[in-house]
Amino acid sequence: MTEENFDAIVIGAGMAGNAAAYTMSNRGMKVLQLERGEYPGSKNVQGAIMYADMLEKILPDFRDDAPLERHLVEQRFWMMDDSSHIGMQYRSDDFNESRHNRYTVIRAQFDKWFSRKVREAGATLLCETTVTELVRDPKGKVIGVRTDRAGDVILADVVVLAEGVNGLLGTRAGLRDTPKPETVALAVKEMHFLAEEVIDQRFGLKANEGCVIEAVGTISRNMAGLAFLYTNKESISIGIGCLVSEFAATMESPYDLLEKFKSHPSVKPLIAGAEVKEYAAHLIPEGGYKAIPQLFGDGWVVVGDAAQLNNAVHREGSNLAMTSGRIAGEAIVQIKNRKKPMVKENLSLYKSMLEKSFVIKDLRKYKDMPALLHTNSRNFFTTYPRLLSQAAQNFVRVDGTPKIDKERATTGTFIKARSRWGLFGDAVRLARAWR
């Protein structure tokens, strides 16, 4: 192996790494992919949402054999206090189209399938292999890697870093800074197993239809956080995540937050009687556009979570990961076909192509949103959910109190909130960030 030279080495076999490795291998490049897990997906036991359009650009016929769970026809958004939720939902039969738009997947199964496609395209995969060092030539260009297998050097024209948000290789090599605690969330997740027909009945689904619930509110105990619930065929993925910096400041237990969400009156009936088989924790980039590091250099590019490419506002990650991996692969193929060296000037093509895609356009549009939500987390995740719940209960509860008195009480509460917690200012800042 050490005597071989590869056109490209891809570090990581997740969504971004598989997309990059497949794109290059499918176009005739000699690619080595290195994965530190026992197999691709071994570190990803959780469920996830997969966006068809982005995968279709890589594997047009993926629906033929991909391990897909349910296609999503309904999205629910909840704002919760301790005993209730107020929210909205969107459901459309349009999503029962022949080529479904979004699917739930179980990452351990999906990543393994995706990796098989990469190998069928011609890439070489080595699992249980940790890259310990990026190797450089005397001018500083990355020319390969050193692994923990024997300490020998494996050479390549370019290295694609798809090692995830907490990957140490890029930071140790000085290619990017260590992610700050305020730009990374820690999500804890469980898989609850139920019979398929039980899930259908509880969520009003049929024929492989799926539903997603996303929730914010007092469940995150004054921290900026999001809880979620995805329906799979015979299981429910449930979890909650908050910023690492806020976990550190409050010393709240992620496991306790998840237990609180599971025991909420709105959630408990949905998972009653389920068998819990898997528990996992996962770091998610949350810094948005302003946290994106340098994306390319002499002999290297960075993709996916390692590049902080996650849309926290729209809760989208896998589509940005796959797209960034594909675009990096396409850029590298173009440079190779032009017989140009993989130096910084030429690899800037990757960033130029990425900036023309939805990835950077979306992140740039909402560049101020993460900071706004995180700075005013007590308002957005505790005060306002309680106010809305109180207003809703005043509206629907019939107890002999004159309606005019209830309206005055509700109005008075919001006026106090506007002065005490800056409700009006938050609304203005939110609108500006959303523009």
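How many bridges join strand β8 to strand β9? Select residues 131-136 for β8 and 142-147 for β9, and you'll have the place to look: five bridges link the two strands, which run antiparallel. Keep in mind as you click around that this is a predicted model.

Now pick out one of the pairs. Highlight Glu133, then look across to β9, where Arg146 is its bridge partner. Next, follow the chain from β8 to β9: the two strands make a hairpin, with five residues between them. Stop at Gly140 in the turn, which has a positive phi of about 95 degrees.

Time for a helix. Select residues 196-203, and you've got α5. Colour Ile199, Asp200 and Phe203, as these residues are buried. Because they cover an arc of only 100 degrees around the axis, they sit on the same side of α5. That goes with a handy rule: an α-helix has 3.6 residues a turn, so residues three or four places apart point the same way.

What do the buried residues of α5 pack against? Show β4 (68-80), β5 (85-91), β12 (209-217), β13 (225-231), β14 (235-243) and α8 (268-271) to see their partners. Just past α5, click Gly204, another stop with a positive phi, here about 65 degrees.

Last stop: cysteines. Select Cys127, which counts as buried because its relative accessibility is 17%, under the 20% cut-off. Cys242 is buried too, at 1%. As for disulfides, a search of the whole structure finds zero.

Note on methods. Residues are numbered from 1 along each chain as its sequence is written. This is a predicted model: local features need pLDDT of at least 70, side-chain atom pairs count only at pLDDT 80 or more; totals for chains, interfaces and linings use all residues. Side-chain values use heavy atoms; hydrogens and water are left out. Two strands pair if DSSP finds at least two bridges between them. Helices (H or I, at least four residues) and strands (E, at least two) are DSSP runs, numbered from the N terminus. Buried means under 20% relative accessible area, exposed over 50%, partly exposed in between (1.4 Å probe, protein chains only). The arc is that of the directions from the helix axis to the C-beta atoms. Contact means heavy atoms within 4.5 Å. A disulfide is a pair of cysteine sulfur atoms within 2.5 Å.
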